[in-house]
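Colleague: I have a few questions about this protein. Can you put it on the screen, please?

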Amino acid sequence: MRRFTWIFVGGCLIAAYVAVSMYNKPHKDYASEEVAKSWAADELVAWYTSHPAEDHAQWQEKVIAVTGEVTSADSRGVILAPGVVVSWESGAAPEQAPTGQVSVKGRVVGFDDLFGEVRLDHARLTP
């Protein structure tokens, strides 16, 4: 019984150490990642609508660059025509809402087939 207690306490200490180290692990820096591919907004939406859902996984969680015309903008992000929804990275939102043709770099979250929108997050404006 005494041996079991020591094994249990040791296991709990190891589990606590792993939990604390995973909780305090730094977040991934998407701004410093290499761009996997550059797209025009209409090409990106066309690719997602013309390919089956199984093919979408190849771009999931990848950082891409997208160029397109802003149709809507606010402090949280922009929408590029014909349907790329971009959410700004925390602390990287531009002071003024962008208008016209813009280029952004962000992580692909996925494709919303109900609205026909590709979603990006952790995005920043690129020159």
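Colleague: How many salt bridges does a search of the whole structure find?

Modeller: Seven salt bridges turn up in that search. Keep in mind that this is a predicted model.

Colleague: Why would side chains pair up like that?

Modeller: Side chains of opposite charge can pair when their charged atoms come close.

Colleague: Ok, give me one. What does E61 form a salt bridge with?

Modeller: The partner of E61 is R107, and the closest N and O atoms of the two are 2.6 Å apart. E61 sits in the loop between α3 (53-56) and β2 (63-73), while R107 is in strand β5, so the pair ties together parts that are 46 residues apart in sequence.

Colleague: Which other residue does R107 form a salt bridge with?

Modeller: R107 also forms a salt bridge with D121, where the closest N and O atoms are 2.5 Å apart. That pair links distant parts of the chain, with R107 in strand β5 and D121 in strand β6, 14 residues apart. D121 is buried, at a relative accessible area of 16%.

Colleague: Which residues are linked in a network, then?

Modeller: E61, R107 and D121 are linked in a network of salt bridges.

Colleague: New topic. Where is E89 found?

Modeller: E89 is in the loop between β4 (84-88) and β5. Its relative accessible area is 13%, so E89 is buried.

Colleague: What is E89 in contact with, leaving aside its neighbours within four places in sequence?

Modeller: With those neighbours set aside, E89 is in contact with A31, H122, A123 and R124.

Colleague: What about D113, buried or exposed?

Modeller: D113 is exposed, with a relative accessible area of 64%. D113 lies in the loop between β5 (101-112) and β6 (117-125). The C-alpha atoms of D113 and Y48 are separated by 8.7 Å, although these residues are 65 apart along the chain.

Colleague: Which residues make the nonpolar surface patch?

Modeller: M1, F4, W6, F8, V9 and L13 make a nonpolar surface patch of about 780 Å². M1 is in the segment before α1 (2-23), and M1 is exposed, with a relative accessible area of 81%.

Colleague: Now the whole thing. How many helices and strands are there?

Modeller: The protein has three helices and six strands. Along the sequence, their pattern is α-β-α-α-β-β-β-β-β. The radius of gyration is 21 Å, well over the 14 Å that the globule rule gives for 127 residues, so the protein is more spread out than a compact globule.

Colleague: What box do the C-alpha atoms fill?

Modeller: Taken along the principal axes, the box is roughly 70 × 40 × 25 Å.

Colleague: Last one. What share of the residues counts as buried?

Modeller: Of the 127 residues, 31% count as buried. The protein exposes about 8,500 Å², and carbon and sulfur atoms supply 57% of that.

Technical notes:
Residues numbered from 1 in each chain as written. Predicted model: local features only at pLDDT ≥ 70, side-chain atom pairs only at ≥ 80, totals over all residues. Heavy atoms only, no water. Helix = DSSP H or I, 4+ residues; strand = E, 2+ residues; numbered from the N terminus. Buried < 20%, exposed > 50% of the residue type's maximum accessible area, 1.4 Å probe, protein only. Patch = residues over 30% accessible without salt bridge, like charges linked within 9 Å, V, L, I, M, F, W, Y side chains within 5 Å. Areas by Shrake-Rupley, 256 points an atom, 1.4 Å probe, with all protein chains shown as cover. Salt bridge = Lys/Arg side-chain N within 4 Å of Asp/Glu carboxyl O. Contact = heavy atoms within 4.5 Å. Rg over C-alpha atoms; globule rule 2.2 N^0.38 Å.
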